[in-house]
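Hi,

Here is the structure I promised to pass on. Have a look at it first, and then read my notes below.

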Amino acid sequence: MTCTKSAVFLLLITATSYGAADPMNVVFILADDLGWSDTTLFGTTSYYETPQIERLSQRGMTFTRAYASSPLCSPTRASILTGLAPARHGITSPNCHLPQVTLKATADKRAPADQHATTVNTINRLVTEYDTLPERLRDEGYRTGHFGKWHLGLEPYSPLEHGFDIDVPHWPGPGPAGSYVAPWRYPDFDPQTPNEHIEDRMAEEAVAFMTAECDQPFFLNYWMFSVHAPFDAKPDLIEKYRARTDPASPQRCPTYAAMIESMDDAVGTLLDAIDSLGIADRTIIVFASDNGGNMYNVVEGVAPTSNAPLRGGKATMYEGGVRGPCIVVWPGVTTPGTETDTPISSYDYYPTLLQMLGLKAHSRQKFDGVSFADVLKGAIDTAGVGPSRPLFTYFPHCPKVPDWLPPSASVLRDEWKLIRLFYAGGEGEHRWKLFNLREDPGERRDLTAERPELVAELDALIEQHLKESDAVLPARNPAFAPDEYDQAAEGVSRMNRKKRKQPPTAPVAGWQAVNDCRLKLADGLLTIASVGSDPYLKFKLPKQLPAGTYCLELELRVDGPADVEVYWREGKAKPAFAAGRSVALGRVPEGSGTTFRGEIKAAKPITELRLDPSRMPGTTTLRRLSLVDEDGTLLPIWTAQ
């Protein structure tokens, strides 16, 4: 076996033909937040340019109904590596970068009065008990490499503990470290040139891996940072798209268009390398996205993208949140340039790849997914695969983005899609939405009232899936007050809204309360009484702290489970507190009185801190807040007297 030199990017998998003597390589390219209408594959955009993805499609089969197993990234990534649905592996929200480790999902006993169902607290690490795809391939002699985003946990849950021989840049965060264009902030991974783009560098690193390993079977897992926030790109590309922006088009963000072009370029780099190395005829390529396109952030005054004609986007249960582009290249087997409307899900890739490579799962393994290898060989509908096979999504969360829904589960079968809204009906019963996707791909006409028998039939499938997967379910909220819930507000974004102004209250021990909370200092503790909504309190430092990295230590107690965040202000930055300058402590257990830690990386001097306690009614008590600088010096910021 010989090889020459070159490169490529996307979801790629190397292979010869089915059952061939030489083992096939595997290159898996996963784009981040790439929507169904963000490429030129389906004729839905005239603004974005993706010639390399189209080039890839001419080598294999394009799936028009490829579904992420979740509308958010970490659950989908876990499904790809395990072949399991989020309801079973328990990661249902992308919290895997948080410092507090949660290995068992739980459901709260109560919730704010304006919520029908309680919150499910997700597992936030991919546990090492699973036989992951890279581990299975490494057992067969494959060299394995992970490049790009991970977001399933830092050590001891990093790619290196899940079957990968190397991991570059070994970054556990939810997106790129600070920026796409250097300077960036990856530990021990510096740019080679000024203004180097991270996808150019990742593609180069992936090519180096293929070049070094092309004389033996390899699994290249290229999980792109693109096109996740933060939104920045090469300046010349931004100006290129700015000059051709149509203000009337729903896709009109030049920065996002530039990000897509850099992503597409990386795919081309990988394809060029595969060709020049002489391994194209034994390389399977899969290209996919981890969820739908982002429609809730604002970039230059507009949403990053539009998933039209699909409804919704990232973090929603509608088609725009879970359907994305997918291409699979299987040289010598799949007819080049073909297309299929067979629905597939993220948890299908693992069993499919095993069949493509002529391998079997371990006897102890159980998959929620099934192999669609026969579809790649030209079969229209086979046993267990095809439009009549139900696909499930479980998302027991309700981030208030455009087109949001209460905690939900859904099933897709044939042209029908049913969404169950937990306890959102009258008298604490579930509520449903039923859509015919063939006639109504935009999910605008709810047919629940017209097809009650079908609703019952499909909901029984949801119930069976949740029971068989041992899903941790939200509970009916005993504190729900019907007068507090406005059903007409479902789907209306609460992000980037102007908060109502409230009269300032007198500071207590240096803390200023904002939004529906009261402060009291007693018995050496600061008590924060919240009535719900979105309370926070801020503390102006007597003396600013220099820029640098600090370990935050926060000792507090809550009377109910709470998600706590700390923000910091740098200089006179506006807005004073932004998501990019925050650290989430994760779910603080009820009654916990321990110290919670997180990391602050300040590019400029720190002048002010903000603490966001529980949004649920109840109390939080704070004993102290400290920082530890890079020299290990403890800096007491606030201690109750």
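How many salt bridges does a search of the whole structure find? The search gives 41 salt bridges, where a salt bridge is a side-chain nitrogen of Lys or Arg within 4 Å of a carboxyl oxygen of Asp or Glu. In general, side chains of opposite charge can pair when their charged atoms come close.

Two bits of housekeeping before the details. This is a predicted model, so local features need pLDDT of at least 70 and side-chain atom pairs count only at pLDDT 80 or more, while totals for chains, interfaces and linings use all residues. Residues are numbered from 1 along each chain as its sequence is written, and side-chain values use heavy atoms, with hydrogens and water left out.

**Salt bridges**

Let's start with Asp 368, which forms a salt bridge with Arg 88, the closest N and O atoms being 2.8 Å apart. Asp 368 is in the loop between α9 (349-356) and α10 (373-376), and Arg 88 is in helix α3 (residues 86-89), so the pair ties together parts that are 280 residues apart in sequence. Helices (H or I, at least four residues) and strands (E, at least two) are DSSP runs, numbered from the N terminus. Asp 368 counts as buried because its relative accessibility is 18%, whereas Arg 88 is partly exposed at 23%. The cut-offs here are: buried under 20% relative accessible area, exposed over 50%, partly exposed in between (1.4 Å probe, protein chains only).

Next is Glu 213, which has a salt bridge with Arg 143, and their closest N and O atoms are 3.3 Å apart. This pair links distant parts of the chain, with Glu 213 in helix α5 (residues 198-213) and Arg 143 in strand β5 (residues 143-148), 70 residues apart. Glu 213 is buried at 9% relative accessibility, and Arg 143 is partly exposed at 29%.

Lys 417 and Glu 443 also meet through their side chains in a salt bridge (3.1 Å, N to O). Lys 417 belongs to strand β14 (residues 416-421) and Glu 443 to the loop between β15 (431-436) and α11 (452-468), so parts 26 residues apart in sequence are tied together. Lys 417 is buried, at 3% relative accessibility, and Glu 443 is buried too, at 0%.

There is also a network of salt bridges that links Glu 553, Glu 555, Arg 597, Arg 623 and Arg 624.

**Rings**

Now for the aromatic pairs: the count comes to 25. Rings of Phe, Tyr and Trp (its six-membered ring) pair if their centres lie within 6.5 Å; planes under 30 degrees apart count as stacked, over 60 as edge-to-face and the rest as tilted.

Phe 63 and Phe 372 make an edge-to-face pair, 5.2 Å centre to centre with 65° between the planes. Phe 63 sits in strand β2 (residues 61-67) and Phe 372 in the loop between α9 and α10, so the pair ties together parts that are 309 residues apart in sequence. Phe 63 is buried at 0% relative accessibility, and Phe 372 is buried at 2%.

Tyr 186 and Phe 225 form a tilted pair, 5.7 Å centre to centre and with 40° between the planes. Both Tyr 186 and Phe 225 are buried. Ring pairs also link Tyr 47, Tyr 48, Phe 231, Tyr 241 and Tyr 256 into a cluster.

How many residues of strand β12 (residues 391-395) are buried? Five of the five are, so β12 is largely enclosed by the rest of the structure. In a regular strand the side chains alternate between the two faces of the sheet. In β12 both faces are covered: Leu 391, Thr 393 and Phe 395 are buried on one side, and Phe 392 and Tyr 394 on the other. Five bridges join β12 to strand β13 (residues 408-413), and the two run antiparallel; strands pair if DSSP finds at least two bridges between them. Phe 395 has Ser 408 as its bridge partner in β13.

**One last residue**

Finally, find Arg 610 in strand β24 (residues 606-612). Arg 610 counts as buried, at 12% relative accessibility.

Cheers
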